[in-house]
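Let's take a walk through a protein chain together, stopping at a few spots along the way. Keep the picture in view and find each place as we get to it.

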Amino acid sequence: MKKIIECVPNFSEGRDEAIINAIADAIRDTDGCTLLDVDPGKSTHRTVYTFVGDEKTIIEGALAGARVAKEKIDMARHHGEHPRFGAMDVCPFIPVANVTMEECVQVAKEFARRAAEELEVPFFLYEEAAKQEFRRKLPDVRKGEYEGLENRLKDPRWKPDFGPARFVPSWGATATGARMFLIAYNVNILGTANQAHRIALNLREAGRGEDEPGRLKDVKGMGWFVDEYNMAQVSVNLNNYNVTPIHRLFEEVKVEAAKLNIAVAGSEIVGIVPLESLVMAADYYIEKEGLFIYEEEQKVRLAIERMGLNSVAPFIPKDKIIEYIVAEPPEEPLASMSLRGFIQEIAARTSAPGGGSASAAMAAMGVGLGSMVAKLTQGVRKFEAVESHMQKSIPVLHELTRELIPMIDADTSAFNEYMEGLRLPEGTEAEKQVRTAKMQAGLKAAIQIPLTTMRLGDRAWEALCEVAKYENPASKSDVQVGAKALETGIWGAFQNVLINMKDIQDPVFRDETMAEATAIETRSRQMCARVLEILETV
């Protein structure tokens with residue numbers, strides 16, 4: 001799945017539109033990066049850019065912006081209200097989807113290394129990337145700001161992590177690191193600014209001071225009145241939505257508002273949010289209310305409705321959720337074909353698509369049939385006695401069907417790396433070694449595709465058995481076909497593992513992979529027989 005990292009660099013220029021636009025264009029024109037927002041401030045003399053990319057392209061986008069800043073911003077003439085110590089003042093990297101915090105730390109370090117070498121300016125690591133605890137918080141790293149930087153760089157304790165330990169007047173210094181996604185969130189109350197602020201003080205981590213901390217960790221907040229809405233708001237920054245999720249803040253505000261006999265009238269998310277944060281909210285309300293919802297779109301809708309995210313402005317998922325903003329149509333030429341076209345493509349005089357793609361398609365259809373029968377049984381009055389069993393099985397089979405479909409195309413493109421290795425020169429011994437290593441890596445990658453098909457299919461058996469026990473008897477043949485299709489799909493994927501394994505030179509990889517694949521294939525035959533036996537006895 002696609003990795004998404006957000007980068008939010010702050011540049012010390014908020015007044016010159018030509019410079020602001022030049023930085024934006026440099027980021028926007030970087031292949032693989034999507035510029036989401038440009039937010040200049042004249043009084044702060046600072047512009048915040050928000051863009052996303054993967055672990056490689058995000059570095060290129062940040063470098064592109066930094067190059068323009070080095071050329072066009074002169075810190076020696078900079079004055080603004082916001083704390084700052086560099087032309088590119090801060091540059092955090094934030095995990096959004098299918099990426100870990102540690103990967104973002106490595107991205108920050110690689111960016112700092114490359115930028116410091118190319119631009120010859122100092123870089124400090126902060127937050128999760130910090131090497132010393134006293135450098136972790138941005139205010140500590142930036143203490144003294146630009147004006148105090150020259151003297152600070154003379155202190156060995158403040159030697160930059162990358163770049164020269166000398167003052168570069170036109171640039172200053174940059175802090176880069178990795179942190180969690182910050183969500184700006186407002187909860188509306190039908191009360192006064194004073195009441196909203198009282199609630200914020202009770203909830204925010206800092207509370208009313210060291211002797212009276214608030215209840216929620218990683219939350220900053222205050223209360224105000226918005227004339228435009230004719231409502232007060234508890235306005236917060238959620239610094240880590242895994243520590244204090246959106247729904248937790250919303251529910252806690254409702255508790256505090258009830259104590260003051262005032263009403264909560266929905267909420268709003270300022271800017272954009274990760275999909276995960278809304279799914280977490282939906283899962284909370286699903287469990288709390290005993291609901292049965294498994295589709296992503298419906299979960300997002302539930303979160304919007306329960307937290308009143310449409311209360312002051314329409315919450316449009318495709319414009320507010322990062323993953324939806326940057327989503328691209330999947331490159332699935334085979335899976336996107338008509339059924340007739342797919343079969344004719346397999347029947348054509350070409351080696352691909354072949355058995356691997358066909359096996360993935362069969363496995364997907366097998367699991368899909370189980371999903372279909374479970375959905376047709378669930379919610380039907382005369383099958384209410386088995387409702388819980390269907391609700392248990394449907395999410396599993398629904399999701400596995402979705403995950404198996406991309407494997408149809410993945411199998412056809414699996415040999416790209418192997419073919420690249422095959423085309424490498426082999427004139428010298430060194431070239432032969434490079435070529436062999438590339439081909440071996442390609443074969444291992446190719447094996448992982450059918451092995452993944454096998455793993456996904458293997459996860460469906462228990463749910464399929466559950467469906468077989470409690471399904472609508474009129475759908476018996478559908479479950480039978482599903483079980484046999486899944487077994488055949490797994491068996492076909494296993495054959496693809498076997499045929500590629502014969503050229504693998506790594507004995508540890510070969511033995512471990514074969515042990516896993518053989519176990520899955522054996523279990524597949526056993527579980528298929530079990531499903532068919534259940535269907536004959538119920």
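Is Asp218 buried, partly exposed or exposed? Asp218 counts as partly exposed, because its relative accessibility is 27%, and the cut-offs put anything under 20% in the buried class and anything over 50% in the exposed class. You'll find Asp218 in the loop between α6 (193-203) and β9. Most residues other than glycine have a negative phi. Asp218, which isn't a glycine, has a positive phi near 55°.

Glu145 counts as partly exposed because its relative accessibility is 28%.

What you're looking at is a predicted model. The mean pLDDT of the chain is 93, and 99% of its residues reach 70 or more. Among the elements, helix α16 (residues 416-422) has the lowest mean pLDDT, at 76, while helix α7 (residues 246-259) has the highest, at 98.

So what does α7 look like? From its first C-alpha to its last, this helix of 14 residues reaches 21 Å, close to the 20 Å expected at 1.5 Å a residue. Its buried residues include Leu249, Phe250 and Val253, and also Glu251, Glu252 and Glu256. Just past the end of α7, Asn261 takes a positive phi of about 60°.

Now head back to helix α2 (residues 57-72). It has 16 residues and spans 23 Å from first C-alpha to last, close to the expected 22 Å. Quite a list of α2 residues is buried, among them Ile58, Ile59, Leu63, Ala66 and Val68. What covers them? The cover includes the strands β1 (4-7), β2 (10-11), β4 and β5 (88-97), along with the helices α1 (17-28) and α3 (101-119).

Next, two residues that show how folding brings parts of a chain together. Ser43 is in the loop between β3 (34-41) and β4 (46-53). It's 36 residues away from His79 in sequence, but their C-alpha atoms are 9.2 Å apart in space. Setting aside neighbours within four places in sequence, Ser43 is in contact with Arg15, Gly80 and Glu81. Ser43 counts as partly exposed, because its relative accessibility is 42%.

Gly356, in helix α13 (residues 355-377), counts as buried because its relative accessibility is 9%. Its C-alpha is 7.4 Å from that of Thr412, which is 56 residues away along the chain. Again leaving out neighbours within four places, Gly356 is in contact with Asp411 and Asn496.

Our last stop is an empty space. Rolling a probe the size of a water molecule over the atoms shows where such space is left. The second largest pocket holds about 1600 Å³. It's lined by 44 residues, and the closest to its centre are Val8, Arg179, Leu182, Asn237 and Asn239. Elements that give two or more residues to this lining include β5, β6 (123-127), α4 (138-141), β8 (183-189) and β9 (219-226). Which element gives the largest share of the lining? That's β3, with five residues. By class, the lining has 20 nonpolar, ten polar and 14 charged residues.

Terms used: Residues numbered from 1 in each chain as written. Predicted model: local features only at pLDDT ≥ 70, side-chain atom pairs only at ≥ 80, totals over all residues. Heavy atoms only, no water. Helix = DSSP H or I, 4+ residues; strand = E, 2+ residues; numbered from the N terminus. Buried < 20%, exposed > 50% of the residue type's maximum accessible area, 1.4 Å probe, protein only. Contact = heavy atoms within 4.5 Å. Expected span 1.5 Å × (residues − 1). 1 Å grid on protein atoms, 1.4 Å probe; cavity = no way out; pocket = protein on both sides within 12 Å on 5 of 7 lines; lining within 4 Å. Points joined across faces, edges and corners; volume = space filled by probe spheres on them. Nonpolar A, V, L, I, M, F, W, Y, C, P; charged D, E, K, R; others polar. pLDDT = per-residue confidence, 0-100.
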